[in-house]
Amino acid sequence: MIQFLQKLGAKTLNRVAAVGRAGQLLSQSLIAKPAPMMMLPLLIRQLYFIGVLSLVIIIVSGLFIGMVLGLQGYTILVDYGSEQAVGQMVALSLVRELAPVVTALLFAGRAGSAVTAEIGLMKATEQLACYEMIGVDPMRRIIAPRLWAGFISMPLLSMIFAIVGIWGGSLVAVDWLGIFSGSFWANMQASVSFSEDVLNGVIKSLVFGFVVIWIAVFQGNDCVPTSEGISQATTRTVVYSSLAILGLDFLLTAMMFGDF
Amino acid sequence: MRIRALEISVGALILAGMLALVALAINVSGLNLSQKGGGYTVYARFDNIGGLTERAKVSMSGVQIGQVSAIRIDRKRLMAEVEMQIFDDVDYLSIDSSAQILTAGLLGEKYIGITPGFEDDLLENGMTIEDTQSALVLEEIVGKFLFNKVSE
């Protein structure tokens with residue numbers, strides 16, 4: 001009994017300490033004034049690895065998700081004789097929910113895990129310690145560019161996902177199933193509002209991007225510097241970010257679209 | 001050379017993201033930056049607007065000639081008053097034109113249909129369309145039908 005209590009207490013303390021360390025990491029790397037001239041090449045490099053290289057998976061999955069939505073929506077709506085509403089359904093579900101959430105999940109798997117593994121390996125091979133030895137702050141040099149790159153590229157990727165998905169939906173609905181393209185787009189435009197739907201989607205993707213990259217960077221910096229520790233940290237990045245994304249999504253949706 | 005290719009690809013990513021946002025704004029949500037601010041205002045009063053919203057289309061023979069800019073209750077007559085912006089180039093609506101609230105398809109959005117009249121005098125800024133027909137509300141129709149059945 002006592003042992004159980006002790007285990008529980010130790011675990012709780014560990015978790016709380018981890019949250020504290022994560023906050024510390026965030027404040028140190030963001031508040032540490034980055035020298036812009038030094039920072040820019042590093043940031044561009046990270047934008048390339050985190051953003052550009054994620055582009056292919058985002059575009060392909062966006063296309064397929066849009067096409068599936070178009071097909072599923074059509075088979076249901078055609079029963080009610082309102083298959084023109086497919087455009088509206090595809091656009092609303094993509095812009096409000098699927099684009100931010102699915103992009104963030106893919107982003108966690110594609111970029112988040114890579115960042116964790118990279119930083120973890122740097123720690124295990126004592127590169128981070130080396131930077132500190134020669135007087136370069138690893139927070140600035142390693143952590144900050146990755147945080148910013150994730151934060152910047154996530155909304156961009158999410159927008160691209162949405163637009164590709166809508167294009168995929170129109171491909172199926174208009175070109176394949178033969179819905180009149182005029183009513184497809186007009187229904188969509190009449191029901192999607194820029195400030196309500198598109199901007200809220202952008203806000204969601206900003207929040208998700210921030211959370212995912214924060215978790216990834218923290219897990220990398222905080223891992224046990226062994227090969228086993230790195231593998232555990234990578235797993236934790238994917239699991240924690242996925243859970244955080246889905247939980248936060250419910251919260252944000254309730255705040256944005258729930259009337260209360 | 002390596003760093004240049006890298007920078008170009010990052011630039012392309014950012015450009016693509018921005019373009020996607022613009023496309024979402026204009027193509028998907030139908031945001032109209034060049035709001036046809038011009039155009040004149042015409043009013044119409046309805047007994048029941050039944051789900052008409054602001055930014056709804058105003059059309060004649062199916063062609064859009066304006067949009068609904070405001071909806072409020074006329075306090076004196078206790079009717080719904082709809083304010084419409086009609087495009088400037090539509091300068092051929094006579095004062096006895098009639099307005100009715102229609103539905104696009106079975107489940108589509110509500111819009112206002114204008115039927116032109118025969119007078120020579122034209123509608124001008126701030127005038128009111130007198131001849132109106134309210135939205136068909138399904139519950140009322142069903143109610144009337146039941147009432148008739150019972151009284152038979």
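This is a predicted model: local features need pLDDT of at least 70, side-chain atom pairs count only at pLDDT 80 or more; totals for chains, interfaces and linings use all residues.
Local features need pLDDT of at least 70 and side-chain atom pairs count only at pLDDT 80 or more, whereas totals for chains, interfaces and linings use all residues; side-chain values use heavy atoms, with hydrogens and water left out. Residues are numbered from 1 along each chain as its sequence is written, and chains are lettered from A in the order in which they are written.

**View 1. Helix α1 of chain B.** Helix α1(B) covers residues 2–28, 27 residues in total, and reaches 38 Å from its first C-alpha to its last. That is close to the expected 39 Å, the expected span being 1.5 Å times one less than the number of residues. Helices (H or I, at least four residues) and strands (E, at least two) are DSSP runs, numbered from the N terminus. Buried residues of α1(B) include B:Leu6, B:Leu13, B:Gly17, B:Leu24 and B:Val28; buried means under 20% relative accessible area, exposed over 50%, and partly exposed in between (1.4 Å probe, protein chains only). Just after the helix, B:Gly30 takes a positive phi of about 65°. The mean pLDDT of chain B is 82, with 91% of its residues at 70 or more; pLDDT is the predictor's confidence in each residue, from 0 to 100.

**View 2. The contact between chains A and B.** Chain B gives 23 residues to the contact and chain A gives 28, where contact means heavy atoms within 4.5 Å. The two chains bury about 2,200 Å² between them, 81% of it on carbon and sulfur atoms. Buried area is the accessible area (1.4 Å probe) that two parts lose on being put together, summed over both. On the chain B side, B:Leu13, B:Leu24 and B:Val28 lose the most area, together 29% of what that side buries. The count of salt bridges between the chains is zero; a salt bridge is a side-chain nitrogen of Lys or Arg within 4 Å of a carboxyl oxygen of Asp or Glu. The model scores ipTM 0.73 and pTM 0.75.

**View 3. The largest nonpolar core.** This core has 69 residues, and A:Val86, A:Ile143, A:Ile166, A:Val217 and B:Leu24 have the most contacts inside it. A nonpolar core is a set of buried Ala, Val, Leu, Ile, Met, Phe, Trp, Tyr and Cys residues joined through side-chain atoms within 4.5 Å. Not counting residues up to four places away in sequence, A:Ile143 touches A:Leu25, A:Ser29, A:Ile119, A:Pro138, A:Val217 and A:Asn221.

**View 4. A salt bridge between two helices of chain A.** A:Glu118 pairs with A:Arg146, the closest N and O atoms being 3.0 Å apart. A:Glu118 is in helix α4 and A:Arg146 in helix α6 (residues 138–176), 28 residues apart. A:Glu118 is partly exposed at 35% relative accessibility, whereas A:Arg146 is buried at 4%.

View 5. B:Glu81 is buried at 14% relative accessibility, and B:Asp74 is buried at 11%. Shared partners join B:Arg45, B:Arg72, B:Asp74, B:Arg77, B:Glu81 and B:Glu83 into one network.
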